[in-house]
Amino acid sequence: MTEADRKSYLLMAPGLLWLVCLMVVPCLLIFGLMFFERGTYGGIDWSIVTFENVARAFDPLYATILWDSLRIASLATIMALLIGYPAAYAISKAPEKAQTALLFLAILPFWTNYLIRTYAWIVLLNPAGLVNTALASVGLGPWPLLYNEFAVVLGLTYNYTPFVILAIFAALQRLDPSYAEASRDLGATAMTTFWRITLPLTAPGVAAGAVFVFVLSIGNFITPDLLGGGKLQMAGNLIYDQFLTARDWPFGATLSAILIGVMLVLLFIQALFSRRALGEQS
Amino acid sequence: MRISSLVRGIAAAAMLAVSATAALADKIVVSNWDGYMPKDIAEKFKAATGIDLEVSVHATNEEIMGKVTASGGEGYDVLFVSSPFAEALNKMGLLAPVDPTKIPNLKNLYPEATQLKHDPGNAFSVPYTWGTTGLCYRSDVVKEAPDSWADLLTPAEDVKGKTTMLATDRWLMAPAFLLAGKSVNSTDQADLDAARDQLVATKKTLLAYDDTTFYSKLVSGEASLVEAWDGWCNYGIAEKPEIKYVIPKEGSDLWVDTMVITKAAKNPEGAAKFIDFIMSADNGKWMVENIMYKSPNKAAMEAIDPAMLTQYPNMAIAPADLLKFEQLRDLGDGMKAFSKTVSEIMAAK
């Protein structure tokens, strides 16, 4: 081990320790809990080893909830990308001084508490709310904007789009403008340049942003509760209920493990994407 | 010289340890829902007893159950929990018996409040508030005043899409059980399935499930008819007198929030003193006037402004009438089937 190696391990140690204690160990605990029986009043009955929880997670009832969560999280991800990419692109093309201000504006909502931002949507969208009042004044509506899937997707998209903007902006920043210039010089249209040069080279940023939105959305339980009016059950709500209401920790752990599995697969795909893009660039 | 300084050191350390335990013994930790006690309760309690009071808050019964089962009750002296949870904690052996000689203010309880089914004779819990679950509605908006759980579960055309139900599992299921004439504590699979079918059909007519803001939905006009705890309906009535509360003809559950002392309590004497303090007529009166829940504390109910009973008619329900309703009980192992049914309702489209 060289001196430099030693130094880098030393510098990594606090971060690694953090990861192992607060990430790896809890994940292993979750995987371990899956195979035990629930205690009547919560906790775990360590005396019984069982695969029943795993089998139960694939019961059509829970599979439907997982599937719905995948669908809603995917919708939110697509919406966030459709809004986030043009925004990031515009910011990257803005004069340098304006860029700082624009990025600042993009993350400004994070200065307000998540719950308050979510409640603000209730004020806007409820049947007697601002949007429907405005619609009524021009003879439209009332439209059912709240307590449905639309409101949940909207809430998730709204909350997580800034992550997409930041991730894609970072990718666009790293992109050497001479690639696009060369493409234009060689006669490609602006559209072709975007589809063939800019988008593929910023794919790692897109993937990173998409994984952010997807992973945060699928585990979210506050937005479905508030904007979905509790009528929509997502995986996050189901897990919350298992741990807190049903006092069924092993089944909650099983569902968590499935979610962790889904996320790992996604992160793996994202890593593949960035490696391929890096390989092409060098 | 060296030895004597060592001895002195040990003596000093021992004294520190003694004073530390003394300080510990003069403090109690209480966990309660936020806003369920006077804000200055710690100062008042310290002034009355010289004991420091640390208040921690929990948002739900389930949250404090999780904390207490994980720690065996360590770190808390007194907990405020609803009666089924008090019952479960007791079955787990986590509660200390209530010693009536140390809580003289127990005499303030209505006789009915000492005969509650979850704990007859107040062996391990002292009731703090009690009430019913019923229908809270806008009398100026609904065409016909509701009087049955059917008015909520199969709503008339004019209130369809303008009703909410409580989301907490036990109260989500209760209206279906009550309408079908079943026990609110049933875990019989046929009863669960019937309740599920009813509630899945009802779900399509709901504005939302709502445990916390249903009364403001009534005030704003978003909703016209909601399932509500009587005390919470009073918050709506306070803002809009057209809001009314009714117990459906099929009945209600009787809910009771209680105070319990943990077996792991570091300061059981202080815990008993705290419960005694809460049971005083004055503190009970504060609770009724500010939280607008009924109290099982007779002295407190007699101390409040009688005008409250006219403004909020559900405050005047007699204890004997409350006891006609079935209490929610701990379901034990039946919880698993019960929870699955709730998940089925929640996942239904």
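Colleague: Are Asp230(B) and Lys294(B) buried or exposed?

Modeller: Both Asp230(B) and Lys294(B) are buried. By definition, buried means under 20% relative accessible area, exposed means over 50%, and partly exposed lies in between (1.4 Å probe, protein chains only). Please note that this is a predicted model, in which local features need pLDDT of at least 70 and side-chain atom pairs count only at pLDDT 80 or more, while totals for chains, interfaces and linings use all residues. Residues are numbered from 1 along each chain as its sequence is written, chains are lettered from A and ligands numbered from 1 in the order in which they are written, and side-chain values use heavy atoms, without hydrogens and water.

Colleague: What do Asp230(B) and Lys294(B) form?

Modeller: Side chains of opposite charge can pair when their charged atoms come close. A salt bridge is a side-chain nitrogen of Lys or Arg within 4 Å of a carboxyl oxygen of Asp or Glu. Asp230(B) and Lys294(B) form a salt bridge, with their closest N and O atoms 2.5 Å apart. This pair links distant parts of the chain, 64 residues apart: Asp230(B) is in helix H9 (residues 230–239) of chain B, and Lys294(B) is in the loop between helix H11 (281–291) and helix H12 (298–303). Helices (H or I, at least four residues) and strands (E, at least two) are DSSP runs, numbered from the N terminus.

Colleague: Which residues do salt bridges with shared partners join into one network?

Modeller: The network consists of Asp59(A), Asp193(B), Arg196(B), Asp197(B), Lys340(B) and Glu344(B). Within chain B, another salt bridge joins Lys46(B) to Asp52(B) (3.2 Å, N to O). Lys46(B) is partly exposed, at 36% relative accessible area, and Asp52(B) is partly exposed at 36%.

Colleague: How is the interface of chain B and chain A described, and what area do they bury?

Modeller: The size of an interface is often given as the accessible area lost when the parts come together. Buried area is the accessible area (1.4 Å probe) that two parts lose on being put together, summed over both. Here, chain B and chain A bury about 2,600 Å², with 57% of it on carbon and sulfur atoms. Glu222(B), Lys336(B) and Lys340(B) supply 21% of the area that chain B buries against chain A, more than any other three residues. Contact means heavy atoms within 4.5 Å, and this one takes 31 residues from chain B and 28 residues from chain A.

Colleague: How many salt bridges does the rule find across this interface?

Modeller: The rule finds three salt bridges between chain B and chain A. One of them joins Glu52(A) and Lys336(B) (3.5 Å, N to O). Glu52(A) lies in helix H2 (residues 52–57) of chain A, and Lys336(B) lies in helix H15 of chain B. Glu52(A) is partly exposed at 37% relative accessible area, and Lys336(B) is partly exposed at 26%. Lys340(B) and Asp59(A) also meet in a salt bridge (3.4 Å, N to O).

Colleague: Which helix gives the most to the side of chain B that touches chain A?

Modeller: H15(B) gives the most, with eight residues. By class, that side of chain B has 12 nonpolar, six polar and 13 charged residues. In this scheme Ala, Val, Leu, Ile, Met, Phe, Trp, Tyr, Cys and Pro count as nonpolar, Asp, Glu, Lys and Arg as charged, and the others, Gly among them, as polar.
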